[in-house]
Amino acid sequence: MNAIPGRIAPAPLLSVEGLTKWYGHVLGCRDVAFDLRPGEVLGIVGESGSGKTTLLNCISGKLTPTSGEVRFDTRRFGLTDIYGLSEPDRRRMQREEWGFVHQNPRDGLRMRVSGGANVAEPLMNLGGRHYGNMRQATIDWLDRVELDTRRIDDKPRNFSGGMQQRIQVARNLIHGPRLVFMDEPTGGLDVSVQARLLDLLRELVRDLGLAVIIVTHDMAVARLMADRLMVMKGGEVVETGLTDQVLDDPQHPYTQLLVSSVLQI
Amino acid sequence: MTDKPLIIVEDLAKTFVLHNAEQATIPVFQDLTLQVAAGECVVLAGESGVGKSTLMRSIFGNYLPTQGAVKVWQDGAYVDITKANPHEVLEVRRRTLGYVSQFLRVIPRVPTLQLVMEPLLENGVSFQEAKDRASELLSALRLPEAHWDLPPATFSGGEQQRVNIARSFIRKYPVLLLDEPTASLDAENRAIVVRLIKEALAEGAAMIGIFHDLDVRDAVASRLFEVSQFKAAA
């Protein structure tokens, strides 16, 4: 009796191959390859300096890799190497189809305009012109991330860190992206706020069928958010697999060290 | 329903290698073979440390076996959990393969009712239906209704365990792995869980269980399976 594959897997949304980044003689990341499907959450873990953020920036089109390909299933061109696109095409694709949630909300928000305007801006950038509709969509999203909609006109600096992060999440999801990058999205938050935000993110990911790449050094966050993990050390992926398998039965010496070093409370 | 076994474990071996403890190797079992048919509950037997949980976790894909195959029947074919891609394993877990552990591991601060609804929502069941079925099951498990809107973190061990059971029985998984699901329950609640297990078996579920409570074990077991007979040489 031979095992035959159950169902034909959906085509990858993102396909990364041989991705390498050198900063002069210093290695950022080397020879990274993976596929990501719609609805999948990939966690990238490893300690500071392991190349997580370099990798995220290369994949998300912010940092040109030294070699390798990042192919994304774009609406306009199909599966295409994003670094093969012209600059304007790539920027347009990033605006239309991607979101990027920064660790520090101030990096992802425009601090001089209101929270509501921050959330609505992606719609305007994509050609939205009907003010009433955009305001309504903004109110809907503020509601969805559980912010008081009466504060729609307050500036981000008047919100707490956790609230700013919610604004950033709303801003990055309002335009219906298919792929969202998150760089330590709960990193600077109180644990009390962290738990609620994680639950919210998970709910949104499930309801919207988003693909997510989340970078974190927090194993607990990785366990709760990610379907599968990539463990990085010194710029290389040392282990990859199903999240609970990597955390409960780590194979690589470094992963074993990482997992066994987590403090229990 | 099919007459084929829903789970086939073939020549399974598991050895742990602890790289940070001077490369210590801990062999657990080898050449382990087991088949479980629909409506059957195989209870893993043997003393602590013999590898019952390790076997169960290997079947679930939580541990990575050193050798062999774990085939789970889904959509008219077998998926080998040990070799499938992560997304295939997740798909099998979402629709076919359930696991009730002794411990509840969930996002903090999420209300109990919502936690129990989650497996249904993930499978595209409507919010209202999920809510109705979750309420029904929590009532059947006699979890006080006043608790439903609270996160389970502060619940007693027995209450948390019932939340865990509710999360797994709400979806009628064709294959269910039970790792001491009644460990912290009192007699009455154990009886309720035994009833749930029997109902699921009657509907054609295949189960593998670990029960230290002999009453529960005798009530649900179709047969016992000695893990120690496959003990790997140290």
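Which residues have the most contacts inside the largest nonpolar core?

## Nonpolar core

They are B:Ile59 and B:Val72. The model is predicted. Its largest nonpolar core has 128 residues. In soluble globular proteins, nonpolar side chains tend to be buried together.

B:Val72 has contacts beyond its neighbours within four places in sequence. Among them are B:Leu6 and B:Ile7. B:Tyr78, B:Val79 and B:Ile81 also touch B:Val72. So do B:Val92, B:Thr96, B:Leu97 and B:Val175.

## Contact between chains A and B

Chain A puts 28 residues into the contact, and chain B puts in 25 residues. On the chain A side, four elements each supply at least two residues: helix H7 (191-208), strand S10 (236-242), helix H9 (243-248) and helix H10 (253-260). H7(A) gives the most, with six residues.

By class, the side of chain A that touches chain B has 12 charged, 10 nonpolar and six polar residues.

## Helix pair H4 and H5 of chain A

Two packed helices are described by the angle between their axes and the distance between the axes. Helix H4 (residues 115-125) of chain A packs on helix H5 (residues 131-144) of chain A at about 125°, and the axes are 9 Å apart. That angle makes H4(A) oblique to H5(A). Their crossing is right-handed.

From H4(A), the contact uses A:Gly116, A:Val119, A:Ala120, A:Leu123 and A:Met124. From H5(A), it uses A:Met134, A:Ala137, A:Thr138, A:Trp141 and A:Leu142. Eight residues in this H4(A)–H5(A) contact are nonpolar, two are polar and none is charged.

How values were computed
Residues numbered from 1 in each chain as written. Chains lettered and ligands numbered in written order. Predicted model: local features only at pLDDT ≥ 70, side-chain atom pairs only at ≥ 80, totals over all residues. Contact = placed C-beta atoms within 7 Å. Nonpolar A, V, L, I, M, F, W, Y, C, P; charged D, E, K, R; others polar. Axes fitted to C-alpha atoms, helices over the stretch in contact; angles between N-to-C directions. Parallel < 35°, antiparallel > 145°, perpendicular 65-115°, else oblique. Left-handed = near helix turned anticlockwise from the far one by under 90°. Core = buried A, V, L, I, M, F, W, Y, C linked by C-beta atoms within 7 Å. Buried ≥ 20, exposed ≤ 12 C-beta atoms within 10 Å, placed from the backbone.
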